Amino acid sequence: PDEMSVAGATNLLRGAAIGGLAVAWAVFAHRTSVGGASDFSTALAATPIVIVAAILLRRLGSPLWIASGGLAALALLAWAWPQLRENVALLYYLEHVGTNLAFAVVFGRTLGAGHEPLITQLARFAHPEGLSPAKLRYTRQVTVAWTGFFIATAAVSTGLFLLAPAAVWSVFANFLTLPLILLMFVVEHLCRYLVLPPAERAGIADTIRAFRAGKQRRAPPPDQR
């Protein structure tokens, strides 16, 4: 029980820290998108894009290509810096739309022929005995719903960025996106209880626990590692 309470407190503190950082980032992003920006705020806004670019460069494999790509990226960043400093909102827009489109691809690509929908794959962790036709149909529909959600979010973000004042776009991107994602989870939870029988209503927490348990079962004993 003591270990469980410590683990629970640790998870709670970790969640609070992540939530606090998310709120701080949203407030900072909104203020710099609407108002003036400094070199520091511009660099901070560009950091996620730089990290993604570095990850993509690493996938090239060849040190020569990595070095060449890195130098080209730095040159491009230096050339565009004055414009980016005057339009920090563009960086946050690219990150917001890029993230949503990336998730749309992650979900959507599993809907094609020869693939199993992503939510169906996750559901199998909580139901290793197999999924009923109703569960298979439902998890596919949820995968479609999440794909549509991320595409719609990217489309609305683009429309607001191009047509509305920066403050309006920033409120949507920085303050409303996460609540909308949470609302999607709530709606999906309600739909699950309306559509599926009790034995097939495993939620995200159940799936995570089953996934962790499966990893522990597959892990070799310490003396065999």
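In the predicted model, the buried residues of helix α5 (residues 118–126) are L118, I119, T120 and A123. These residues pack against two other helices, α4 (88–108) and α6 (133–163). L118 and I119 also belong to a nonpolar core of 11 residues, whose members include Y138 and W146.

The largest nonpolar core comprises 14 residues, of which A45, L91, Y92 and W169 touch the most other members. At least two residues of this core are supplied by each of α2, α3, α4 and α7. Helix α4 provides the largest share, six residues. For L91, the contacts beyond its neighbours within four places in sequence are T42, A45, A46, I49 and L84. In soluble globular proteins, nonpolar side chains tend to be buried together.

A104 is likewise a residue of helix α4. With a relative accessible area of 7%, A104 falls under the 20% limit and is therefore classed as buried. When residues up to four places away in sequence are not counted, A104 touches R109, T147, F150 and I151. The C-alpha atoms of A104 and V144 are separated by 9.4 Å, with the two residues 40 positions apart along the chain.

The second largest pocket holds about 390 Å³ of space. Its lining consists of 16 residues, and those closest to the pocket centre are I49, V50, A53, A73 and L77. Helices α2, α3 and α4 are the elements that give two or more residues to this lining. The largest share, seven residues, comes from α3. Classified by residue type, the lining of the second largest pocket contains 15 nonpolar residues, one polar residue and no charged residues.

Three salt bridges are present in the structure. One of them joins D39 and R85, with the closest N and O atoms 2.9 Å apart. This pair links distant parts of the chain, since D39 lies in helix α2 (residues 39–58) and R85 lies in helix α3 (residues 63–86), 46 residues apart. Both partners are classed as partly exposed: D39 has a relative accessible area of 41%, and R85 has one of 29%. These values lie between the 20% and 50% limits of that class.

A salt bridge is also formed by the side chains of R124 and E116, with an N to O distance of 2.7 Å. R124 is partly exposed at 33% relative accessibility, and E116 is partly exposed at 29%.

The side chains of R192 and E188 meet in a salt bridge with an N to O distance of 2.6 Å. Both residues lie in helix α7 (residues 166–195), and because they are four residues apart, about one helical turn separates them. An α-helix has 3.6 residues a turn, so residues three or four places apart point the same way. R192 and E188 are both buried, whereas D39 is partly exposed, as are R85, R124 and E116.

Note on methods:
Residues numbered from 1 in each chain as written. Predicted model: local features only at pLDDT ≥ 70, side-chain atom pairs only at ≥ 80, totals over all residues. Heavy atoms only, no water. Salt bridge = Lys/Arg side-chain N within 4 Å of Asp/Glu carboxyl O. Buried < 20%, exposed > 50% of the residue type's maximum accessible area, 1.4 Å probe, protein only. Contact = heavy atoms within 4.5 Å. 1 Å grid on protein atoms, 1.4 Å probe; cavity = no way out; pocket = protein on both sides within 12 Å on 5 of 7 lines; lining within 4 Å. Points joined across faces, edges and corners; volume = space filled by probe spheres on them. Nonpolar A, V, L, I, M, F, W, Y, C, P; charged D, E, K, R; others polar. Core = buried A, V, L, I, M, F, W, Y, C linked by side-chain atoms within 4.5 Å.
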